[in-house]
Amino acid sequence: MPSPSSDIAFTPTVKALQAQRGSRDAYARQEARGGFRTVVDEDLADFLAGVDTAYLATANLAGQPYAQHRGGPRGFIRVLDDHTLAFADYSGNRQYISTGNLADNDQAFLFLMDYAHRRRIKLWGRARVSHDPAVIAQLMPENYRARPEQAILFTVAAWDANCPQHIPVKLDAADVAGAIDHLNARIAELEAENARLKGLAR
């Protein structure tokens, strides 16, 4: 019988700790159903369509971890097929730590957070860099002012959605600005209507 996909995170040591602290039975039931999800389904695709920020974690050959922010317009992480995600990688501080790590160790992790709706998704997999101009052009968001340097292709091994516990609600500045503009327009309408009614009452 194949190992459950959640074994990518639940090592024997992790499982022993779960048993000691009382959560093993719940995760054992999840494992009996196969573990974490392994296919990019409609739920994940819908989530990705609203993502404008992500954290990519890699590690070098010595196991030293590194996490770096990746961002772009909403939906900048594209679904290529039911196991592959990809995004254009823009020119930045030119340290190339993530790129170097992936050259030595292709194991990678994506952490995605939606603060407004208190949702988070974790993805385990393997990633590689592509310098193919056609791939980069396909992934570059339209009218986005950044210089693409390469593309990152992420093959999903497993993914899981966390509970919303302890996630603070934070709103996107653009969403707040839009709401304020709408309220200001409504206030102007009501003030104009109020002035008109006062004029009729005289």
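**Reading pockets, helices and rings**

Mentor: The largest pocket is lined by 25 residues, and G50, M113, D114, Y115 and R119 are those that lie nearest its centre. This is a predicted model, in which local features need pLDDT of at least 70 and side-chain atom pairs count only at pLDDT 80 or more, while totals for chains, interfaces and linings use all residues. Residues are numbered from 1 along each chain as its sequence is written, and side-chain values use heavy atoms, with hydrogens and water left out.

Trainee: What counts as a pocket?

Mentor: Rolling a probe the size of a water molecule over the atoms shows where empty space is left. On a 1 Å grid over the protein atoms alone, a pocket is an open set of points where a 1.4 Å probe fits, with protein on both sides within 12 Å along at least five of seven lines, and lining residues have an atom within 4 Å of a point. Grid points are joined across faces, edges and corners, and a volume is the space filled by probe spheres set on the points. Here the largest pocket has a volume of about 500 Å³.

Trainee: Which elements supply the lining of the largest pocket, and how do its residues divide?

Mentor: Helices (H or I, at least four residues) and strands (E, at least two) are DSSP runs, numbered from the N terminus. In this model α3 (42-49), β5, β6 and β7 each supply at least two residues of that lining, and α3 gives the most, with four residues. Ala, Val, Leu, Ile, Met, Phe, Trp, Tyr, Cys and Pro count as nonpolar, Asp, Glu, Lys and Arg as charged, and the others, Gly among them, as polar. On that basis the lining of the largest pocket divides into 10 nonpolar, four polar and 11 charged residues.

Trainee: How much space lies in the second largest pocket, and which residues are the closest to its centre?

Mentor: The second largest pocket holds about 290 Å³ of space. Of the 21 residues that line the second largest pocket, Q68, R70, D89, Y90 and G92 are the closest to its centre. The largest share of this lining, five residues, comes from β2, and β2, β4 (84-90), α4 and β7 each supply at least two residues. The lining of the second largest pocket divides into seven nonpolar, 10 polar and four charged residues.

Trainee: Turning to the helices, which residues of α3 are buried, and which are exposed?

Mentor: Buried means under 20% relative accessible area, exposed over 50%, and partly exposed in between (1.4 Å probe, protein chains only). In α3 the buried residues are L44, F47 and L48. These residues cover an arc of only 100° around the axis (taken from the directions from the helix axis to the C-beta atoms), which puts them on the same side of α3. On the other side of α3, E42, D46 and A49 are exposed. Contact means heavy atoms within 4.5 Å, and the buried residues of α3 pack against β3, β4, β5, β6 and β7.

Trainee: Which residues of helix α4 are buried?

Mentor: In helix α4 (residues 97-104), S98, N101 and L102 are buried. Seen down the axis of α4, these buried residues fall within an arc of 100°, so they line one face of the helix. The buried residues of α4 pack against β1 (53-59), β2 (65-71), β5 (107-114), β6 (119-130) and β7 (148-161).

Trainee: How many aromatic pairs does the count come to?

Mentor: Rings of Phe, Tyr and Trp (its six-membered ring) pair if their centres lie within 6.5 Å; planes under 30 degrees apart count as stacked, over 60 as edge-to-face and the rest as tilted. By this rule the count comes to six aromatic pairs. The rings of F36 and W124 have their centres 5.1 Å apart and their planes at 15°, so this pair is stacked. F36 sits in the loop between α2 (24-32) and α3, and W124 in strand β6, 88 residues apart, so that the pair links distant parts of the chain.

Mentor: The rings of F76 and F87 have their centres 5.9 Å apart and their planes at 70°, so the pair is edge-to-face. Both F76 and F87 are buried.
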